[in-house]
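Open the model in your viewer and keep the selection panel at hand. The tour goes stop by stop.

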Amino acid sequence: MALLLAATAWPASAGAAEGQQQPVQADATIRSQTQLDEYLRRHAATGEPTPLDAFSAGARERFLSDLVWGSKGLGGFNQGDLAEELDDDQIHAVLGLFGSDVAAYAPRSRAAVIGINRTGLTGISDLERRYTRFYLDANRASAHGNDAARNDTVAARFDALFPEARQPATLHALADHDLRLLWRAASQAAGSAPRPDLAETALSVFEVTERRGIIDRQDVLKLRGILLAGRRFEQARRFTAAHPEAGLTTLPAFDDPLTNKAPAATVWRMNADGSRLTRTAIDLEPAQVLVTAGCHFSADAAEDITADPVLGPVFARHAHWLVSTPGVESIDAVRDWNRRFPEAPAEMIHDRGEWSVLPTWSMPEFHVVRGGKVIETVKGWPRSPASNRRPLIDALHRAGLLDQPSAEPTPL
């Protein structure tokens, strides 16, 4: 499910530690920033080609500046420029510099479908310099502060850095490469902060980009998500119908009996066949569990907890598995989740601002709530062993949601 971070992390691979000053041979795996710096210096001095040459200058700069190192090798990288600029063989060649285990996480190339001709592209334009600042600022904002502060920062940086996004004549005059970067920035800003003006700007940039023929299905899906996040449900439905070639799934009906009379916290609750979402109020006064969900670790938790003889019945009665708003969260992903976990259905929040009781949205976290306040939180769901199972049972017992079992059954 959805996340704002551009880096993809996994367990670090075996190899030289970050601080070691080991020489890098031509065919050696690069395991640290020190080794990467030496590799780049050697290739610059000798003029030897490197797989990194396949990037445009700006994309190469972003890719190298945003690598995340672990103690045993590369721990994360930006997928966006890899997928947009390189073909599949080039992507594997770049990631292969850092080891076959890293190359296993290669994204699928989008370059051929998007179809930007970068032949003869030299240097880095002024707009691309600004895009790189925006990209790095957005990543830093994602790593610090609560969700509202992050979203405000991303929106503010977009407003400050890209005035041409709201100037039609300037927008139409942009080269394809710059226009594509502007669409990426506009879609990220609109996806982070569902302001009407940001959605309108993203739509305008998308329309110009679409007329140039430099979009793919993921872009269509992204723009539909922006419309949904802004609760422009009928506009999103018309947009879907206007793009049959994208093969987007049918949107459900949105039933909002609460309109503007809703209490503080509401969700969109999906019916059994996934054809309707109904806005429903959640009373936060009684003791209950709010699970912030939306990643594969959350699915692990749902699978384990629903099968657990102690936790399963309590969660079925007293828990809400919350995911982000329609458009930020994939409606298709919620359909799939609910088919898989009918006893722990995901509920899409209506508005992040209604859920100030949850200042961050780490996944999964189990918040025991009473009287509209979080009284305890259990963070994460590690498996093998399930080390948070006992703390969660104890928290539920202290909240009065679970009688302490005298002879606890063995978990499934």
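Contact here means heavy atoms within 4.5 Å. Keep in mind that this is a predicted model.

**Stop 1: confidence.** Colour the chain by pLDDT. The protein chain has a mean of 89, and 90% of its residues reach 70 or more. Now select residues 1–27. Here the pLDDT is below 50. Beyond near neighbours in sequence, the stretch has 68 contacts in the model.

**Stop 2: Ser-109.** Select Ser-109. It sits in the loop between helix H5 (100–103) and helix H6 (111–114). Which residues does Ser-109 touch, leaving aside neighbours within four places in sequence? Show Ala-83, Leu-86, Asp-87, Asp-88 and Ile-91: these are its contacts.

Stop 3: Switch to cartoon. Eight strands form an open sheet with mixed pairing, in the order E3-E5-E4-E8-E7-E6-E9-E10. Strand E3 (253–255) and strand E10 (373–379) are the edges, each pairing on one side only. On average, neighbouring strands of this sheet are turned by 30° against each other, direction ignored.

**Stop 4: E6 and E7.** Select residues 288–292 (strand E6) and 319–323 (strand E7). The two run parallel and are joined by four bridges. Find Thr-292: it stands opposite Leu-322 in E7.

**Stop 5: helices on the sheet.** Finish with helix H15 (residues 311–318). H15 packs on the sheet and touches E6, E7 and E9. Its direction makes about 70° with that of E7.

Key. Residues numbered from 1 in each chain as written. Predicted model: local features only at pLDDT ≥ 70, side-chain atom pairs only at ≥ 80, totals over all residues. Heavy atoms only, no water. pLDDT = per-residue confidence, 0-100. Pairing = 2+ DSSP bridges. Axes fitted to C-alpha atoms, helices over the stretch in contact; angles between N-to-C directions.
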